[in-house]
Every structure is written in structure tokens, then in C-alpha cells.
Amino acid sequence: MIRTLSLVKYHWFSLWNWRHAYLGRLIEPVVFFVFLAAGVAGFVGSDSEDSFQAYLSFAMLGIACLVAFRAVTATLSDVANDRKWGVYAIFSMQGGSTIGYLLSIAIIACGLFLAQILILFGLYWLIGGNALGGIDFLRVVGIGSLIVIGWVGVGTAIGTKVQSYARRNFLVTIISMPAVLAAPLFYPLESAPTYLRVIASFNPVTYQVGWLRLDDMSLLMASGAALGWAVIGSALAGLFLARSDLLSPER
């Protein structure tokens, strides 16, 4: 546990060193919410306060899912960097476990997620949203953290196969945009074209935003599904880390 906490400290120093990049991660969902979601909510709710509130809450939970999803690309980059610069190798040679390594990344990712959700809910209430309250905030933090842990696992598994910055940047690009736009984060899937609904049915983000919104399911069912996702992602990461070289060949 001491080694894991030491690695958490290292990841925190790394985060601070790259604080401008992480500042961009904090600002991005705020921009989505303040400009895109609030603007569309004003449009669809121009003649009805209920419609305004309904869309603002719909988009708010969609952006929360987007924030959770970002953990996969951030983890992919972190793991690729750790393997390149020997961080993972040093941690392993000093007796650190695979679970400890995963835990150190998940702690930072969940901390960032919590900070972003705090900011988003604060803005939501400031803009005038009243359909989501404190209980909903706790639900989003709880289920969302499990989604983050699952994505940390998937990002770790992919990161063990990345051998260069060029490939890392390519993967981040091709993973992010289709996954985010082909999911009902900002629009209801029922009104989408058939091809988009077919693509969305293969997209994990589609189901994850449903867990956050409690679409046709109870809180217990949504929490159980998110927990299953976290377990599967972590198991996948453990499998790939066990078979990965401690160092990548890129220098």
C-alpha cells in the first residue's frame, strides 16, 4: 500500500507538471455545458420551462458520462508514458503489484472526475437547473466513479500495446470522437437515424449514460451494471499488464 501511495504522489506530480493539459480537461466539459447544452436547452425550451429543465438535465448527465469516458484516453497516455520512461518497471521491480499500479491511476482519475462533476453541478444550479438535486449528485459520483474505473482498466489494456507517441495520439483521436458522438449524450437515440442507432448499440457509452440517467432501471440495477463494468475493465487491465513488457521500445 505504501508503494501504491508513493506512485499516487508521483502521478500527482506528473499531473501538476502537465497542469495546463489537465486544465484543458477541466474546461472542456464546462464549455460543452455552458455553451452547447444551455444554448440547446434554451432553444427546445423557448416556450416551456419544463422542456428547458428536461433538456438541461438530459445534457448535464450526458456530459457527466463524457467526463467519465475521458478516463480511457488519459489512462492510455499515462500507461504509455509510464512504460516509456520506466515508471512501471521501477514500481514492479520494487515489489509493486499490478493491482497497486491500477489503483494508483484510478485514484487520480476518480479525483479528477469528482472535481469536474462538482464544477458541472455548480454551473447547472447556477444556470437555473432544478431537476437534479444533491441525491442525484451523489448518484452520479458513485456510478460515474465505477464507470471511470472500468475505463481506466480499458485504457491500461490499450496502453500496454502502445509503443510510440504517434500511435498513442492516433488511438486517442480515433477512440474519442466516434465513441462520444455515436452515443445519446446530447440527443435522444429514439429520434436518431437507423444507422446511428445501430452503431450506438455497440457503443459502451450508450449504456453508461443510461445508467447515470436511470433509463428504465432502478438505482440498484444501474449500480450493479456499473460495478460489473468496473470489474471487467480491471480484469482486462490485469490480464494485459501481466503479459506486457515492463518497458516500451520507444526512446
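The model is predicted: local features need pLDDT of at least 70, side-chain atom pairs count only at pLDDT 80 or more, and totals for chains, interfaces and linings use all residues. Residues are numbered from 1 along each chain as its sequence is written, and side-chain values use heavy atoms, with hydrogens and water left out.

**Whole chain**

Start with the cartoon view. The chain has ten helices and zero strands; helices (H or I, at least four residues) and strands (E, at least two) are DSSP runs, numbered from the N terminus. Read from the N terminus on, the elements run α-α-α-α-α-α-α-α-α-α. Of the 251 residues, 48% count as buried. Buried means under 20% relative accessible area, exposed means over 50%, and partly exposed lies in between (1.4 Å probe, protein chains only).

**Helices α3 and α5**

Select residues 49-85, which are helix α3, and residues 98-127, which are helix α5. The two pack at an angle of about 155°, with their axes 10 Å apart. Axes are lines fitted to C-alpha atoms, for helices over the stretch in contact, and angles run from 0 to 180 degrees between N-to-C directions. The helices α3 and α5 are therefore roughly antiparallel to each other. Angles under 35 degrees count as roughly parallel, over 145 as roughly antiparallel, 65 to 115 as roughly perpendicular, and the rest as oblique. The crossing of α3 and α5 is right-handed. A crossing is left-handed if the near helix is turned anticlockwise from the far one by less than a right angle, and right-handed if clockwise.

**A nonpolar patch**

Next select Leu23, Ile27, Val31, Val34, Phe35 and Ile127, which make a nonpolar surface patch of about 500 Å². Patches are made of residues with over 30% relative accessible area and no salt bridge; like charges are joined within 9 Å, and nonpolar side chains (Val, Leu, Ile, Met, Phe, Trp, Tyr) within 5 Å. Accessible areas come from the Shrake-Rupley method with a 1.4 Å probe, and for residues only the protein chains shown count as cover. Which helix gives the largest share of the patch? Helix α2 (residues 19-44) does, with five residues. Leu23 lies in α2 and is partly exposed, at 44% relative accessible area.

**The salt bridge**

Select Arg139 and Asp136, whose side chains meet in a salt bridge (2.7 Å, N to O). A salt bridge is a side-chain nitrogen of Lys or Arg within 4 Å of a carboxyl oxygen of Asp or Glu. The structure holds one. Being three residues apart in helix α6 (residues 134-159), Arg139 and Asp136 are separated by about one helical turn. Are these residues buried or exposed? Arg139 is buried, and so is Asp136.

Leu219 is found in helix α10 (residues 219-242) and is partly exposed, at 45%.

**Helices α9 and α10**

End at the loop between α9 and α10, where Leu214 is placed. Leu214 has a positive phi of about 55° although it is not a glycine, and counts as partly exposed at 25% relative accessibility. Asp216 is found in the loop between α9 and α10 and has a positive phi of about 55°. At 82% relative accessibility, Asp216 counts as exposed. Most residues other than glycine have a negative phi.
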